[in-house]
Amino acid sequence: KSDDKERALKIGSANNASIVIWGEDTGVRVTVHFLNINNPDLYLSDIKIDENQNTQIAHPNEYATFVTYSLPNQLTTLSLFALGQTLLIDENKYSDALSMFVACQNSLDEKIQFEGEENIYQYLAPLYTYKKNYPAALAAANKVLEFDPNNYVAHINKGVIFGTETNYLDAYNEFNLAISIDPNEKVAYYNRGLTYAYEKKY
C-alpha cells in the first residue's frame, strides 16, 4: 500500500537499497513515494507524487503517458539528484557529483514540472567553479536567479566566480546584493572581506 512506509523501509534495508520507491494505482489515483534511505535529511529525500487527474478510468490516454513517461522521468531526476547530493558529502567525489547533477539537469523535460529544479543549478554553480569552468558556473547561478531573484546564495556564487576571475567590482556588487537580501549572511561578508584582501584594501 502507498502509505506502508514502514514495510517499504524494511524491504529496502533488507536489500541494502539506497533508494526505495513504492506506491499503488487504485484506478482513480496513482500514488508513488520516493525515499532516500541513506540520507533522509537531504533536500527532496522524501517525496510523494500524487496523480488524480490523468487516471486510468477518467483519462486512459493521458494515464498511459503519465505511467510510461512522466512518472519515470520524475523518478529518474529525483534519483540522480539524490545521488549527486550523496556524492557531495565526500570532497574527493566532487567530480562525480558534478557529472551526476549534469545528468540530472539533462533529464529535465520542460513539459514536466520538477519540484526544486532551481536546486540542481544551485549545486552546479559551485561545482563548475571547483572545476574552473567559470562560464558554466555563471550560467548555472543566473539560472537560479531566474527562479528566485532574491536567492542570496546564487549572488554569493556569482561573487565567488567574479572574484576568481579577478573581476572584483562585479564580485563586490554580488556580495553586496547578497547582504542586502540577508544582512545576517556571514558567508557574503567573509567573501567580500577576502575580495578586499585580494585587492590589498586593508
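**Loops, strands, rings and helix pairs**

Thr166 is found in the loop that lies between helix H6 (152-164) and helix H7 (168-181). Like everything described below, this placement comes from a predicted model. The phi angle of Thr166 is near 60°, a positive value in a residue other than glycine. Is Thr166 buried or exposed? With a relative accessible area of 52%, Thr166 is exposed, because the cut-off for that label is over 50%.

Lys132 sits in the loop between helix H4 (117-130) and helix H5 (134-147). Its phi is near 65°, again a positive value in a residue that is not glycine. The relative accessible area of Lys132 is 62%, so Lys132 is exposed.

One further loop deserves a look. Asn150 lies in the loop between H5 and H6, and at 51% relative accessibility Asn150 counts as exposed, since that value is over 50%.

The strands come next. Strand S2 (residues 30-36) is mostly covered, with seven of its seven residues buried. Which residues of S2 lie on each side? On one side are Val30, Val32, Phe34 and Asn36, and on the other are Thr31, His33 and Leu35; all of these are buried, so both faces of S2 are covered.

S2 also has strand partners. Strand S1 (residues 19-25) is joined to S2 by seven bridges, and the two strands run antiparallel. Within this pairing, Ile21 stands opposite Phe34 in S2. The hairpin of S1 and S2 has four residues between the strands, and in this hairpin Gly27 takes a positive phi near 100°. Strand S3 (residues 46-51) is joined to S2 by six bridges, also in an antiparallel arrangement. Here the bridge partner of His33 is Lys48 in S3.

The next topic is aromatic rings. A pair of aromatic rings is described by two values, the distance of the centres and the angle of the planes. How many aromatic pairs does the structure hold? There are eight. In one of them, the rings of Phe81 and Phe101 have centres 5.7 Å apart and planes at 80°, so the pair is edge-to-face. Phe81 belongs to helix H2 (residues 60-88) and Phe101 to helix H3 (residues 94-107), so this pair ties together parts that are 20 residues apart in sequence. Phe81 counts as buried at 1% relative accessibility, because buried means under 20%. Phe101 is buried as well, with a relative accessible area of 0%.

Another pair is formed by Tyr94 and Tyr130, whose ring centres are 5.1 Å apart and whose planes stand at 85°, so this pair is edge-to-face. Tyr94 in helix H3 and Tyr130 in helix H4 are 36 residues apart, and the pair thus links distant parts of the chain.

H4 and H5 pack at an angle of about 155°, with their axes 8 Å apart. Because angles over 145 degrees carry that label, H4 is roughly antiparallel to H5. The crossing of H4 past H5 is left-handed. Residues making the contact include Tyr121, Leu124, Ala125 and Tyr128 of H4, together with Ala137, Ala140, Ala141 and Val144 of H5.

H7 packs with helix H8 (residues 186-198) at an angle of about 160°, and their axes are 9 Å apart. That angle makes H7 roughly antiparallel to H8. The crossing of H7 and H8 is left-handed. Which residues meet between H7 and H8? On the H7 side they are Tyr168, Ala171, Tyr172, Phe175, Asn176, Ala178 and Ile179, while on the H8 side they are Ala188, Tyr189, Asn191, Arg192, Thr195, Tyr196 and Tyr198.

Terms used. Residues numbered from 1 in each chain as written. Predicted model: local features only at pLDDT ≥ 70, side-chain atom pairs only at ≥ 80, totals over all residues. Heavy atoms only, no water. Buried < 20%, exposed > 50% of the residue type's maximum accessible area, 1.4 Å probe, protein only. Phe/Tyr/Trp six-rings, centres within 6.5 Å; stacked < 30°, edge-to-face > 60°. Pairing = 2+ DSSP bridges. Axes fitted to C-alpha atoms, helices over the stretch in contact; angles between N-to-C directions. Parallel < 35°, antiparallel > 145°, perpendicular 65-115°, else oblique. Left-handed = near helix turned anticlockwise from the far one by under 90°. Contact = heavy atoms within 4.5 Å.
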